[in-house]
Structure formats: C-alpha cells, structure tokens
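Welcome! Take a moment to look over the sequence and the 3D view, then try each exercise before you read its solution.

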Amino acid sequence: MATLIVPPIPPHPRDDATQLYRAFKGFGCDTTAVINILAHRDATQRAYIQQEYRTTYSEELSKRLVSELSGKLETAVLLWLPDPAARDAEIIRKSLVVDRNLEAATEVICSRTPSQLQYLKQLYHSKFGVYVEHEIELNTSGDHKKILLAYISTPRHEGPEVDRDVAQKDAKVLYKAGEKKLGTDEKTFVQIFSQRSGAHLAAVSSYYQDMYGHSLKKAVKNEASGSFGHALLTISGCATNPAKYFAKVLHKAMKGMGTNDSTLIRVIVTRTEIDMQYIKAEYAKKYKKTLNDAVHSETSGNYRAFLLALLGPNH
C-alpha cells in the first residue's frame, strides 16, 4: 500500500509545468509550491510533467531543480522525479561507481523482484552504456560479488506457490552448510538465496525456526558478515516481511547521534509508491512511535516538509 496522496482530479501536466515554472521565476524559489506539486504526483504524472516542461520551456525540469533547490531537499526531490526503474539504476550507479559505498546497491538489488531486476538491467544499459553486471564485477569482491551477480541474473519464480518438501530440505542444507560445520559453505548460501523465490525462502525460514529453535536470520548473522551478510539478510528479510525489513533500515538510519540522510531519503522515496503504508504500521508496532514523528524530529525545513508529504497522514 502506497502512502502517496494524489489529487482526485489531478491538474493537466501542462498546468503543473506552468505552476513549477512560475515557482522558479523571480527572486528565490517558491519551494512550498514545488513540494505541493511534485510530492503529490505519481510516477506517470511526473513523467508527463517533465515532458511538458521540456516542450514548453526547452529545458529539463531536473536541471532547473538542481539550480533552484539545494542540500538534502534537492537530493530527495531529484531522486523522487524518475520512475522506479530509472531511479534504481541511478542509485546502483552512484553506490557502485561514484560513492563506492556498496550498501545502497546491495539493498536495491536484493530487495527487488526478478521482473523488476530484468527491466532494471535493460534500462541501466540504455542509460549508462554499460551492463550492470559489469559494474558489479568491477566494484565488488568475494562472496558479495557472487551473491549480487547470481541474484541479478537468476530467473526466479514470483508466485506464492511453495514445494514444502524442498523448503524443508533447503533448511537442513543451510544448517549443514552453516551452523553445523566449522566455517561456512558460502557457495550453498549463494545458491539457495539466489535460486529460490521469496515465498519459498519465507517457508525455508519458517522450517529453520521450527527445526533449530532460532531464525534463519540469526544463523545468517552468525555465519556471514560485511556486505555478503547484508545481501543475505536483505534477501531473507524481504522474502519474509519487506515492510518490517525497511522499518528496521529506517530506524537504524535515525538511531543515535546524527541521521543517515541518504538512507532515509532512499527508503522513503523508493517505497512511497509501493508499501510505505505497511512500513509505517511495522515501524509503529516495533518502535512505539510513528514513522512521521521520528522523521519530524530528525529533519527540518522544506526537506522535512517534502518527506512528510510523501509519508502521508501521521498515524
């Protein structure tokens, strides 16, 4: 369930483009007007607005936003503007090639469905002229590289059907490959985590808990660390309960001193049109405060206003 609130009768994209142009004109930018329009339009509407803006004013809306906005608000609005696949491609490119911080790329790749990844790969190539697999090959290493390459290129079933016998067998195989032996057979983890569907992995996790008295997640934490561990935890977390997984990611981004704004922006922007309603519910259940209140206390100004507009009513 998305939290995006779109007007019941949305204005024509040309009118939105005109209103944005007016907000930019003159001295300073009417940031509130920009937020009120863009934070309340879905991906298709945003694409039409960009098209109309380009046609009418002979410039890219994104370029104009760069010169009109600044700081964290600029980052958030520019990430919100594209459609989900183009956005994912940008996040992965920035994470692997520009920042060399693998967390964002790992999270995005390991939380998307096979069909989303398929489309992402095509788009990445047409956008950047290079295959995403090639970028992973160059910028990651070891078991982390193996799981990302396997996960992004293996076709997986997307339906809810599960072969219970195979799931139970997988739970035993993972136990033997990890907790039962000295050291870890990483190859087995890569194989099962990249080849099995989300529904299947959720069943494996449930069998693991029944047979060995603790969660598969706990086993993964004990057996795998660093980026490889992060990849496995993302895959299993999103297989069992993606909303709970992202609620934890958001909480971690705001915990303690300071805020990890790039994570906060990435998760809110990428999940608003998908399952943010569920993430908010999981957040409130687990942390006894609303996600809106948490974001409110960690952010300020127009940046805060934009994120809260995406999150919808505070409940």
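## Exercise 1: The second largest pocket

The lining of the second largest pocket consists of 18 residues, and those nearest its centre are Leu79, Ile91, Lys94, Asp99 and Ser262. Keep in mind that this is a predicted model.

**Task.** Find which elements give two or more residues to this lining, and work out how the lining residues divide by type.

**Solution.**
- Step 1: Helix 5 (71–80), helix 6 (84–98), helix 7 and helix 17 (261–271) each give two or more residues to the lining of the second largest pocket.
- Step 2: Helix 6 provides the largest share of this lining, five residues.
- Step 3: By type, the lining of the second largest pocket has six nonpolar, six polar and six charged residues.
- Step 4: The space in this pocket comes to about 490 Å³.

## Exercise 2: The largest pocket

**Task.** State the volume of the largest pocket, and find which helix supplies the largest share of its lining.

**Solution.**
- Step 1: The volume of the largest pocket is about 740 Å³.
- Step 2: Its lining has 26 residues, with Lys217, Leu233, Tyr245, Lys248 and Val249 nearest the centre.
- Step 3: At least two lining residues come from each of helix 7 (103–111), helix 13 (198–212), helix 14 (216–223), helix 15 (226–240) and helix 16 (242–254).
- Step 4: Helix 16 supplies the largest share of the lining, seven residues.
- Step 5: Sorted by type, the lining of the largest pocket holds six nonpolar, twelve polar and eight charged residues.

## Exercise 3: Thr234

**Task.** Is Thr234 buried or exposed, and with which side chain does its own side chain make a polar contact?

**Solution.**
- Step 1: Locate Thr234 in helix 15.
- Step 2: Thr234 counts as buried because its relative accessibility is 0%, and the cut-off for buried is under 20%.
- Step 3: Setting aside neighbours within four places in sequence, Thr234 is in contact with Glu107, Cys110, Ser111 and Tyr245.
- Step 4: The side chains of Thr234 and Tyr245 make a polar contact at 2.7 Å.
- Step 5: Now link back to Exercise 2, where Tyr245 is among the residues nearest the centre of the largest pocket.

## Exercise 4: The nonpolar core

**Task.** Which residues of the largest nonpolar core touch the most other members, and which helix gives the most to this core?

**Solution.**
- Step 1: The largest nonpolar core has 94 residues, and Leu65, Ile92, Phe193, Leu250, Ile268, Leu291 and Phe306 touch the most other members.
- Step 2: Helix 16 gives the most to this core, with seven residues.
- Step 3: Take Phe306 as an example: apart from neighbours within four places in sequence, Phe306 is in contact with Ile35, Ala39, Leu73, Ala76, Val77 and Trp80.

How values were computed. Residues are numbered from 1 along each chain as its sequence is written. This is a predicted model: local features need pLDDT of at least 70, side-chain atom pairs count only at pLDDT 80 or more; totals for chains, interfaces and linings use all residues. Side-chain values use heavy atoms; hydrogens and water are left out. On a 1 Å grid over the protein atoms alone, a cavity is a set of points where a 1.4 Å probe fits but cannot get out, and a pocket is an open set with protein on both sides within 12 Å along at least five of seven lines; lining residues have an atom within 4 Å of a point. Grid points are joined across faces, edges and corners, and a volume is the space filled by probe spheres set on the points. Helices (H or I, at least four residues) and strands (E, at least two) are DSSP runs, numbered from the N terminus. Ala, Val, Leu, Ile, Met, Phe, Trp, Tyr, Cys and Pro count as nonpolar, Asp, Glu, Lys and Arg as charged, and the others, Gly among them, as polar. A nonpolar core is a set of buried Ala, Val, Leu, Ile, Met, Phe, Trp, Tyr and Cys residues joined through side-chain atoms within 4.5 Å. Buried means under 20% relative accessible area, exposed over 50%, partly exposed in between (1.4 Å probe, protein chains only). Contact means heavy atoms within 4.5 Å. A polar contact is a pair of N or O atoms within 3.5 Å; within protein, one must be able to donate a hydrogen and the other to accept it, and residues adjacent in sequence count only if both atoms are side-chain atoms.
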